[in-house]
Amino acid sequence: MDFKKKLFGFGAAALLAVGLAACGNDDKAGTGSSSDSVGESLDYKITGIDPGAGIMEATDRAIEDYGLDKWEVTTGSGATMTAALKKAYDAEKPIIITGWTPHWKFAKFDLKYLDDPKGSYGGEEQIRTIARTGLAADLPEAHQILSNFNWSEADMGEVMVAIQEGEKEEVAAQNWIDANAEKVAEWTDGVDKVSGDKINLAYVAWDSEIASHNVMKLVLEEVGYDVTLTQVEAGPLWSAIADGSADASLAAWLPVTHKTYADKFDGQFEELGINMEGVKIGLVVPEYMDIDSIEDLKE
Ligand code: PBE
């Protein structure tokens with residue numbers, strides 16, 4: 001392009017650019033008209049999140065499975081990932097993120113999952129609730145509520161989007177509870193009130209988990225618990241449940257994403273059930289990028 005610009009002069013180059021854009025083939029933003037340009041324009045970097053997240057392990061697996069030798073995944077957090085996504089998206093630049101559903105990013109941006117024909121990311125799974133092994137005996141009412149807890153992607157989405165739009169976490173959670181009293185009543189149905197028993201819920205600062213744990217905190221407070229939310233990384237979360245220093249978490253993505261943790265702590269935690277069906281992780285890109293499959297990242 002640079003060479004052509006010099007050759008044709010500005011006017012011709014501008015016309016050519018318009019023509020290419022009209023063909024949907026304009027790669028000035030490096031949106032990837034070939035796999036080569038995607039890799040080069042991104043310096044072979046996939047935008048990752050916190051190193052303990054299961055999706056980071058799955059991405060290492062994908063790099064291996066698809067032979068993406070040149071590629072690496074950067075580390076950061078859920079927040080740095082969404083900031084990078086917004087910046088790239090606003091400039092219509094290429095970006096590949098480690099993404100998951102449910103997440104508000106799909107409501108705010110036009111995004112797509114890259115196909116994963118080798119199944120490195122495992123397909124649809126569930127979010128499950130886990131607890132320390134002694135919870136049923138020590139805090140039976142909380143154990144019951146946590147076991148009953150389940151909601152939909154749309155429910156979680158309402159809380160997540162409200163928080164993303166600037167609402168305080170507790171306020172977004174309370175508003176959802178107020179608007180969904182019947183659903184909440186199912187979780188607390190037949191459960192006796194308690195008076196100030198302490199309970200500690202562990203979570204990671206992923207937007208999906210910020211939403212669920214803030215809702216559960218208010219639900220447990222409503223029946224009389226003194227609730228602490230402890231924000232940790234994924235590894236410390238699983239070991240805290242296993243050693244009993246945290247009581248429960250709503251953040252176990254299984255059977256694939258957190259398999260390594262579930263295997264490592266096998267027998268040292270209790271599974272209280274599924275709190276959401278049909279969740280998913282994978283590599284996510286803006287719709288405007290020309291690639292559709294992880295295989296397209298191969299050289
Ligand atoms: N996530 C969100 C987590 C589970 C929930 C997909 C970032 C992970 O990869 O471990």
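The residues around the ligand are Ile49, Ala53, Gly54, Ile55, Trp100, Trp206, Glu209, Trp253, Thr257, His258 and Ile281. The model is predicted. Its protein chain has 299 residues, of which 49% count as buried. The fold comprises 13 helices and nine strands.

**Ligand site**

- Gly54 places a backbone N or O atom 2.7 Å from an oxygen atom of the ligand.
- Ile55 also uses its backbone: an N or O atom there lies 2.8 Å from an oxygen atom of the ligand.
- His258 contributes through its side chain, with a polar atom 2.7 Å from an oxygen atom of the ligand.
- How much of the ligand does the protein bury? Taken alone, the ligand exposes 280 Å², and the protein buries 100% of that.

**Chain overview**

- The accessible surface of the protein chain is about 13,700 Å². Carbon and sulfur atoms account for 49% of that surface.
- Among contacts in the protein chain with a separation of 6 or more, 80% are between residues 24 or more positions apart.

**Nonpolar core**

- In soluble globular proteins, nonpolar side chains tend to be buried together.
- The largest nonpolar core here holds 95 residues. Which members touch the most others? They are Ile96, Trp238 and Leu297.
- This core takes at least three residues from each of two domains: domain 1 (32-123 + 283-297) and domain 2 (126-278).
- Setting aside residues up to four places away in sequence, Ile96 touches Val38, Leu42, Ile46, Thr47 and Trp71, among others.
- The partners of Ile96 also include Leu283, Val284, Val285, Met289, Ile291 and Leu297.

**Cis peptide bonds**

- Most residues other than glycine have a negative phi, and most peptide bonds are trans.
- Thr101 and Pro102 are joined by a cis peptide bond, with omega about 5 degrees. Pro102 sits in the loop between strand E3 (97-101) and helix H5 (105-108).
- The bond from Leu254 to Pro255 is also cis, and its omega is near 15 degrees. Pro255 belongs to the loop between strand E8 (248-254) and helix H13 (259-264).

**Positive phi at Asp43 and Tyr44**

- Asp43 is not a glycine, yet its phi is positive, near 55 degrees. Asp43 lies in the loop between helix H2 (35-41) and strand E1 (45-47).
- Tyr44 has a positive phi of about 55 degrees and is likewise not a glycine. The loop between H2 and E1 holds Tyr44.
- Is each side of this pair buried or exposed? Asp43 has a relative accessible area of 54%, so Asp43 is exposed. Tyr44 has 11% relative accessibility, so Tyr44 counts as buried.

**Gln126 in strand E5**

- Gln126 is part of strand E5 (residues 125-131).
- Why does Gln126 count as buried? Its relative accessible area is 17%, and the cut-off for buried is under 20%.
- The side chains of Gln126 and Arg128 make a polar contact of 2.9 Å.
- Beyond its neighbours within four places in sequence, Gln126 is in contact with Ala252, Trp253, Leu254, Ile274, Met276, Glu277 and Val279.

**Pro236 in helix H12**

- Pro236 lies within helix H12 (residues 234-243).
- With a relative accessible area of 44%, Pro236 is partly exposed.
- Pro236 and Ala202 are 34 residues apart along the chain, and their C-alpha atoms are separated by 9.2 Å.

**Ser293 after strand E9**

- Ser293 is in the segment after strand E9 (270-286).
- Ser293 is buried, at a relative accessible area of 11%.
- The Ser293 side chain reaches the backbone nitrogen of Glu295 at 3.0 Å.
- Leaving aside neighbours within four places in sequence, Ser293 is in contact with Leu114, Asp115 and Pro117.

Notes:
Residues are numbered from 1 along each chain as its sequence is written. This is a predicted model: local features need pLDDT of at least 70, side-chain atom pairs count only at pLDDT 80 or more; totals for chains, interfaces and linings use all residues. Side-chain values use heavy atoms; hydrogens and water are left out. A nonpolar core is a set of buried Ala, Val, Leu, Ile, Met, Phe, Trp, Tyr and Cys residues joined through side-chain atoms within 4.5 Å. Buried means under 20% relative accessible area, exposed over 50%, partly exposed in between (1.4 Å probe, protein chains only). Domain bounds come from an automatic or database domain assignment. Contact means heavy atoms within 4.5 Å. Helices (H or I, at least four residues) and strands (E, at least two) are DSSP runs, numbered from the N terminus. A residue is near a molecule or strand if one of its heavy atoms lies within 4 Å of it. A polar contact is a pair of N or O atoms within 3.5 Å; within protein, one must be able to donate a hydrogen and the other to accept it, and residues adjacent in sequence count only if both atoms are side-chain atoms. Accessible areas come from the Shrake-Rupley method with a 1.4 Å probe; for residues, only the protein chains shown count as cover.
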